[in-house]
Amino acid sequence: MPSTHHGILIHVVFSTKQRFPALHASWRDDLYAVMGGIARDHGATLLRAGGVEDHVHLLLKVHPSYAIAATVQRLKANSSNWINNERKIDARFSWQRGYGAF
């Protein structure tokens, strides 16, 4: 039986649209927990999360079956939906296009 082992770690950074300081410290840990669930549903593991009002840093163990872009897109889309559905800010929230992955 074939066996696959992987340990692909990616440091991902992305920011709020126009670097708007929307990520309030009072609910940022909840956001990271939501992102952890999103990652898990996509075969990844969120190992560490941090950031400030206008961007996040995520250390992810990603699954080799998925492109990094697909994992990041899912994280950004579903987390922005959570922010909007929970009405965490008064305006419509979105992430800036693009990301860094190292």
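Contact, in this presentation, means heavy atoms within 4.5 Å. The structure before us is a predicted model, in which local features need pLDDT of at least 70 and side-chain atom pairs count only at pLDDT 80 or more, while totals for chains, interfaces and linings use all residues. Residues are numbered from 1 along each chain as its sequence is written, and side-chain values use heavy atoms, with hydrogens and water left out.

I begin with Leu58. Setting aside residues up to four places away in sequence, Leu58 touches Ile10, His11, Val12, Phe14, Met35, Leu46, Arg48, Ala49 and Leu75. Leu58 also belongs, with Met35 and Trp95, to the residues with the most contacts inside the largest nonpolar core, which has 24 residues. Such a core is a set of buried Ala, Val, Leu, Ile, Met, Phe, Trp, Tyr and Cys residues joined through side-chain atoms within 4.5 Å; buried means under 20% relative accessible area, exposed over 50%, and partly exposed in between, with a 1.4 Å probe and protein chains only. At least two core residues come from each of strand S1 (8–15), helix H1 (25–41), strand S3 (55–62) and helix H2 (68–85). These elements are DSSP runs numbered from the N terminus: helices are H or I with at least four residues, strands E with at least two. H1 gives the largest share of the core, six residues.

Next, the strands. S1 and S3 run antiparallel and are joined by eight bridges; Leu9 has Lys61 as its bridge partner in S3. S1 also pairs in the antiparallel sense with strand S4 (residues 100–101), over two bridges. Pairing requires that DSSP find at least two bridges between the strands.

Finally, the charged residues. How many salt bridges does the structure hold? There are two, a salt bridge being a side-chain nitrogen of Lys or Arg within 4 Å of a carboxyl oxygen of Asp or Glu. In one, the side chains of Arg19 and Asp54 meet at 3.1 Å, N to O. Arg19 lies in the loop between S1 and H1 and Asp54 in the loop between S2 and S3, so the pair ties together parts that are 35 residues apart in sequence. Arg28 forms a salt bridge with Glu53, with the closest N and O atoms 4.0 Å apart. Arg28 is buried, at a relative accessible area of 11%, whereas Glu53 is partly exposed at 39%.

Lys76, in helix H2, is buried yet has no salt bridge; Asp54, the nearest side chain of opposite charge, is 14 Å away.

Key: Lys, Arg positive; Asp, Glu negative; His and termini not counted.
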